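Reader: I have a model open and would like to go through it. Can you take my questions as they come?

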Amino acid sequence: MREWPRIAAASRVYPGETVCGDQVSWWREGPATLACIADGLGHGPDAHRAAQTLLALLEGQPEIDLAQRLVTGDRAMRHTRGAAAALVRIDPGTRIVTVAAVGNIQGALFGARTRRFDGTPGIVGAGLRHLKPLDLPFACDDLLILWTDGLRPVDLGTDPTVPHDDPERLAAQLMASLGRQSDDCAVLCITFGE
């Protein structure tokens, strides 16, 4: 039996740097799966450190909702450059993806219809506005993609070459075709098929 959901990511370092300021992580909390994509401001070691700090702060708080985790992270990130981030919770029982996002992270749930979303203006670590998480119902053949501003906007359209059922190939393909050379970039791809 395959792992559910299937998740993969790809990232690329800003030319000339040795570490990436755009980071991705995912983990289980009970029956739910959580995933986060974080874009540390700028690039290089300080951006990398900011993104890694945020990811470490968000994991392991199952009793706290997504928006509150980002608010808590905001306070703890004041000593860093800060980061844009999207935190998602995938609930297999209700078949709902809950998204809380801040800054210039973009995402879309591709399925029978495409539902796009952007982060609330702000930076985690520089003070946050009120965050209102978004609930998106999903079907088993839907595809969730989140990306940092180092990637041009994703539009899967009707391209028959898009590997909808293989998140690893899709992440690599999107990075190769849409990644900008002028910034770090990261993409997170999630499929729900069982």
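Predicted model: local features only at pLDDT ≥ 70, side-chain atom pairs only at ≥ 80, totals over all residues.

Reader: Fine. In what order do the strands of the open sheet run?

Author: The order is S2-S3-S4-S5-S8, five strands in an open sheet with antiparallel pairing.

Reader: Which strands stand at the edges?

Author: Strand S2 (22–29) and strand S8 (134–137). Each has a single partner strand, so one side of each has no neighbour in the sheet. On average, neighbouring strands here are turned by 15 degrees against each other, direction ignored.

Reader: How many bridges between S3 and S4?

Author: Eight, in the antiparallel sense; S3 covers residues 32–40. Aspartate 39, for one, has alanine 84 in S4 as its bridge partner.

Reader: What does helix H1 touch on the sheet?

Author: H1 (residues 45–58) packs on the sheet and touches S2, S3 and S4. The direction of H1 makes about 160 degrees with that of S3. H2 packs on the sheet too, touching S2, S3, S4 and S5, and its direction makes about 25 degrees with that of S5.

Reader: Back to H1. What should its 14 residues span?

Author: 20 Å, at 1.5 Å a residue. The end C-alpha atoms of H1 are 20 Å apart, so the two agree.

Reader: Which residues of H1 are buried?

Author: Ala47, Ala50, Ala51, Leu54, Leu55 and Leu58. Down the axis of H1 they fall within an arc of 130 degrees, so they line one face of the helix.

Reader: Why would that spacing give one face?

Author: An α-helix has 3.6 residues a turn, so residues three or four places apart point the same way.

Reader: And what covers the buried residues of H1?

Author: The cover includes S2, S3, H2 and S4. After H1 comes glycine 60, with a positive phi near 80 degrees.

Reader: New topic: arginine 69. Buried or exposed?

Author: Buried: its relative accessibility is 2%, and the cut-off for buried is under 20%. Arginine 69 lies in helix H2 (residues 66–76).

Reader: What does arginine 69 touch?

Author: Leaving aside residues up to four places away in sequence, it touches Trp27, Glu29, Leu34, Leu58, Gln61, Pro62, Ile64 and Leu87. One of these, Leu58, is also among the buried residues of H1.

Reader: Where is arginine 95 found?

Author: In the loop between strand S4 (83–91) and strand S5 (96–102). Arginine 95 counts as partly exposed because its relative accessibility is 26%. Its phi is near 55 degrees, a positive value in a residue other than glycine.

Key. Residues numbered from 1 in each chain as written. Heavy atoms only, no water. Helix = DSSP H or I, 4+ residues; strand = E, 2+ residues; numbered from the N terminus. Buried < 20%, exposed > 50% of the residue type's maximum accessible area, 1.4 Å probe, protein only. Contact = heavy atoms within 4.5 Å. Pairing = 2+ DSSP bridges. Axes fitted to C-alpha atoms, helices over the stretch in contact; angles between N-to-C directions. Expected span 1.5 Å × (residues − 1). Arc of directions from axis to C-beta.
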